[in-house]
Amino acid sequence: MSKTIRVLVAKPGLDGHDRGAKMIARSLRDAGMEVIYTGLRQSPEQIVAAAIQEDVDVIGMSILSGAHNHLFPKVIKLLKEQNAEDIMVIGGGVIPEEDIPGLKEMGVKAIFTPGTPTKDTVEFIRNNVNK
Amino acid sequence: MFDKEKIDQISKSKKEWEETKLDKVLSRFPERKEEFKTGSGEKVERLYTPEDIKDLDYMEDLGFPGEYPYTRGYQPTMHRGRLWTMRMYAGFATAAESNQRYKYLVENGSTGLSVAFDLPTQIGYDSDHPLAEGEVGKVGVAIDSLADMEILFDGIPLDKVSTSMTINAPASALLAMYIAVAEKQGVSADKLRGTIQNDILKEYVARGTYIFPTEESMRLITDIFEYCSENVPKWNTISISGYHIREAGSTAAQEVGFTLADGIAYVEAAIKAGLDVDSFAPRLSFFFNAHNDLLEEVAKFRAARRLWARIMKERFGAKNPKSMMLKFHTQTGGSTLTAQQPDNNVVRVAIQALAAVLGGTQSLHTNSRDEALALPTEDSVTIALRTQQILANESGVTNTVDPLAGSYYVEAKTKEIEDEAMKYIDKIDDLGGAPKAIDRGYIQQEITDAAYDYQKAVESGEVVVVGMNKYKSDKEPKQELLKVDPQVGEMQKERLTKLKSERNNEAVEEKLEALRKACEGDDNVMPYIVDAVKEYATLGEVCGVMRDVFGEYEQNVML
Amino acid sequence: MELIERMLEGDKRACAKLITLIENDEKAGEEIIKAIYPKTGNAHVIGITGPPGAGKSTLTDKLVKDLRKKDKKIGIIAVDPTSPFSGGAILGDRIRMNDHALDPNVFIRSMGTRGYLGGLSKQTRNAVKVLDAYGCDYIFIETVGVGQSEVDIVKAADTVVMVMVPGLGDDIQSIKAGIMEIGDIFAVNKSDLMGSQRTATEIKMMLDLSENLDRRPPIVMVTANRNENIDKLVEEIDSHLEYMDESGNLEKRRRNNFEDELINLVELEIKKLIKEKTESDGGIKKYADQLLSRDVDPYSIRDEILEKINLK
């Protein structure tokens with residue numbers, strides 16, 4: 001059995017800066033993954049519903065608006081409620097260092113801040129998805 | 001500028017120099033790189049000589065400052081006469097907190113206000129909308145109604161300051177609130193100076209805070225053009241923005257090409273709506289980015305000025321010289337800031353700001369060092385503002401107009417960017433204009449491709465970003481960051497509930513109904529919006545009516 | 001399998017996991033299809049095809065909206081191309097369908113072609129079977145928008161809607177005749193644009209030239225993003241199925257498609273067998289070498305291989 005890693009790349013909230021999300025989507029594709037891209041203005045509910053229907057291994061969210069402390073926990077809570085906490089959640093964007101430990105404690109597996117080479121994200125996903 | 005004989009002579013001498021001097025040096029000391037490139041990835045030659053600008057005609061291509069084609073500046077004395085407006089983009093949390101920051105900036109020498117709105121405001125939702133959760137007051141100030149706007153400008157005389165508002169899809173509603181606040185201060189609309197961004201096309205392409213479909217958005221924009229030309233004549237009705245196109249990853253030439261193509265679309269829409277080109281074109285303004293490649297950026301600003309003048313004169317037959325002058329605001333490049341070693345950003349911002357000043361900007365926002373991490377603290381904003389003041393008062397670059405003119409490199413580069421930008425405009429014309437090219441995803445695709453090329457160049461180390469992919473350091477200094485009170489959302493919600501219980505709800509209903517009818521018909525919607533906000537109809541209510549009638553835009557994402 | 005039971009009870013996660021298994025694990029896929037097969041055959045399968053940029057996703061979204069008003073359960077499979085270089089893919093069709101994300105009676109799944117040509121992915125037909133067993137009344141398959149070779153949709157769908165749009169540069173004539181002929185219904189999208197009437201006329205002219213049409217495909221002018229005439233298109237889709245049913249053509253088409261599917265399955269198995277059975281003594285490469293040196297002719301080698309896998 002050969003498994004293709006599937007990743008949902010989402011822009012939650014109202015933030016329209018999608019350069020980072022697009023770059024990571026392309027990089028994951030070029031690393032042989034299937035990327036489901038949902039576009040802008042997705043509510044946590046929509047993101048979780050899409051992740052379940054698409055049966056992704058990873059949800060990657062990009063947030064530059066400062067709403068991360070609201071949006072990440074919401075997605076994680078919904079995943080738990082729908083028995084889908086096995087789906088790994090990672091994030092990127094403008095996220096202050098001091099907020100990262102809290103987010104990780106809530107269940108966000110990794111946060112990639114500006115300047116992280118995309119290959120680091122690719123590696124992280126490869127090494128952490130249950131194959 | 002040079003006669004042919006001289007050029008031939010220079011060309012011959014250059015060849016000799018290459019074969020004798022240069023080759024000898026190169027054989028012993030090869031250059032650091034095979035190919036040198038600009039920040040936009042364009043090839044740069046070792047040396048520029050008069051040969052590279054042999055077709056340059058001084059009078060036709062450069063002229064004098066304040067004269068067509070305005071390459072050297074839109075005005076004769078430029079920064080010798082008046083410095084640029086030091087306009088710091090700011091706004092966060094509640095209207096009251098932002099009001100404090102504005103007063104601080106004015107006290108410290110900022111000469112214009114620039115309002116940042118939070119995302120719900122930018123997308124026309126009130127603070128109690130479900131999608132607003134977690135976003136209220138985060139990237140800017142939350143404005144739900146005239147009541148918030150009154151607090152925002154409390155104690156700031158609106159006949160004395162010029163105010164720039166970064167607002168697009170709901171621009172008409174925020175402008176209406178501004179007019180209403182001014183009226184309460186006893187300032188009539190014809191005295192108001194400032195700018196609304198009001199540039200929806202780049203929202204579709206790069207920034208994402210759109211609401212309505214293209215056609216309806218273009219109508220709202222031309223309604224504003226018309227309304228302001230009669231009622232708010234000193235107001236810049238649009239700020240056609242390349243800034244966000246560049247932030248999304250475009251090259252310098254694309255920034256010029258796509259921005260001017262958007263500009264062409266607005267001019268065409270207004271002409272189609274029956275306006276005379278010279279009635280609105282003088283109030284069009286532009287907004288560009290300033291990146292790190294100093295000379296390329298200076299050339300970019302000069303190229304944009306020349307190209308727009310030519311377009312307005314030749315394509316649209318503008319008669320009023322003011323219609324041909326490209327006046328612009330500049331912001332230093334947010335995407336060039338690094339989260340690593342954030343103090344380095346101070347230097348980047350200084351270089352970028354220098355490019356804007358040398359390029360002849362009319363106003364400037366300098367980013368703060370901590371903006372790759374969060375909204376800037378007061379200390380960081382102060383350094384950014386001081387950077388502008390040092391440029392203005394100590395660097396000497398303001399002493400003469402367009403000081404880099406005549407540089408073989410800068411002139412060659414100016415021409416190159418102009419030509420390249422024109423190619424994009426031609427291509428967009430072939431596709432039926434900017435709105436159609438966006439609908440097809442052409443512009444988005446070009447930008448995303450350029451962004452991906454850059455990303456790969458950074459990751460391969462071909463492009464060096466100090467502190468990020470080279471000269472890294474392990475110990476990162478602890479940053480003090482601005483924290484937005486997480487209770488802002490709740491506070492705004494309470495204010496809304498209170499407002500709705502205190503205002504004249506019957507009058508609100510009536511005005512919103514009148515607005516609905518205007519939207520369904522052909523009337524200019526601006527007066528109806530002004531009426532509605534004066535009764536404290538909320539932004540969400542006003543935009544809600546328009547959402548009902550106009551529908552919503554569906555983004556064409558190109559990956 | 002527990003997943004199958006949960007899926008039959010309407011569990012979305014189980015349904016999604018079954019499709020993943022089918023995509024990734026052939027053996028598991030076989031077991032799944034064996035188990036659910038008796039529960040399939042109830043859905044109306046609609047193919048949405050057409051050139052890139054025609055607005056297939058937006059149109060599908062609006063069709064689903066209309067059908068949801070009638071309380072139908074809907075499945076959508078959206079296929080996008082897999083990069084031949086990396087094997088990865090960006091699947092972006094959901095962007096247009098986000099309004100349905102939270103609807104319990106709509107299931108949307110994106111699939112990469114994973115090297116399969118023809119506009120579908122190798123497992124599209126089996127994914128359709130899962131959604132069929134899951135209880136969907138309508139299943140939409142949105143094909144890759146390649147415009148030239150996506151004829152496979154006709155082998156997977158009961159009704160094929162060909163979406164066209166004015167001004168994409170290529171004339172109808174330049175699109176291969178074979179492609180146009182798979183359309184049971186033509187939808188001219190973005191009909192508010194200039195040139196839409198011309199596009200419709202060109203389709204009409206092309207249809208005039210086509211012989212042996214059992215039923216002349218209707219042409220519907222729609223503007224998907226403004227929700228214009230979508231109800232009309234839904235009517236045409238339903239009436240096409242009705243016609244297919246009454247004329248016996250539905251059975252005929254499904255039978256043809258099953259023939260094709262069966263031959264495909266057997267072919268695949270034989271290919272695998274050939275690989276397995278020849279591996280020990282040099283594989284197919286050895287035979288190719290023999291051909292290269294002109295020692296033996298291709299037909300004799302064919303017979304030799306068939307003997308090896310006990311087919312001759």
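Q: Is B:Asn198 buried or exposed?
A: In this predicted model, B:Asn198 sits in the loop between β6 (193-196) and α8 (200-207) of chain B. Its phi is positive, about 55°, although the residue is not a glycine. A residue with 20 or more other C-beta atoms within 10 Å of its own counts as buried. B:Asn198 has 27 within 10 Å, so B:Asn198 is buried.

Q: Where does B:Tyr536, with its positive phi, lie?
A: Phi of B:Tyr536 is near 70°, and the residue is not a glycine. B:Tyr536 has 22 C-beta neighbours inside 10 Å, so it counts as buried. Its place is the loop between α22 (526-534) and α23 (539-550) of chain B.

Q: Why is chain A as compact as a globular protein of its length?
A: Chain A has five helices and five strands. Along the sequence they follow the pattern β-α-β-α-β-α-β-α-β-α. The globule rule gives 14 Å for 131 residues, and chain A comes close to this, so it is as compact as a globular protein of that length: its radius of gyration is 13 Å.

Q: What percentage of contacts in chain A between residues at least 6 apart join residues at least 24 apart?
A: The C-alpha atoms of chain A fill a box of roughly 40 × 35 × 25 Å along the principal axes. Buried residues make up 63% of its 131 residues. Of the contacts between residues at least 6 apart, the share joining residues at least 24 apart is 70%.

Q: Which element gives the largest share of the side of chain A that touches chain C?
A: In this interface, 28 residues of chain A are in contact with 26 residues of chain C. α1 (19-30), β2 (34-37) and α2 (44-53) of chain A each give two or more residues to the chain A side. That side divides into 12 nonpolar, nine polar and seven charged residues. The largest share, six residues, comes from α2(A).

Q: Which residue of β3(C) is the bridge partner of A:Glu34?
A: β2(A) and strand β3 (residues 89-91) of chain C run parallel, joined by three bridges. The partner of A:Glu34 in β3(C) is C:Ala89.

Q: Which helix supplies the largest share of the side of domain 1 of chain C that touches domain 2 of chain C?
A: The domain assignment places domain 1 of chain C at 1-38 and domain 2 at 40-247, and their C-alpha centres lie 25 Å apart. The contact takes 14 residues from domain 1 of chain C and 11 residues from domain 2 of chain C. The domain 1 side has 10 nonpolar, two polar and two charged residues. Its largest share, seven residues, comes from α2(C).

Conventions. Residues numbered from 1 in each chain as written. Chains lettered and ligands numbered in written order. Predicted model: local features only at pLDDT ≥ 70, side-chain atom pairs only at ≥ 80, totals over all residues. Helix = DSSP H or I, 4+ residues; strand = E, 2+ residues; numbered from the N terminus. Rg over C-alpha atoms; globule rule 2.2 N^0.38 Å. Buried ≥ 20, exposed ≤ 12 C-beta atoms within 10 Å, placed from the backbone. Contact = placed C-beta atoms within 7 Å. Nonpolar A, V, L, I, M, F, W, Y, C, P; charged D, E, K, R; others polar. Pairing = 2+ DSSP bridges. Domains from an automatic or database assignment.
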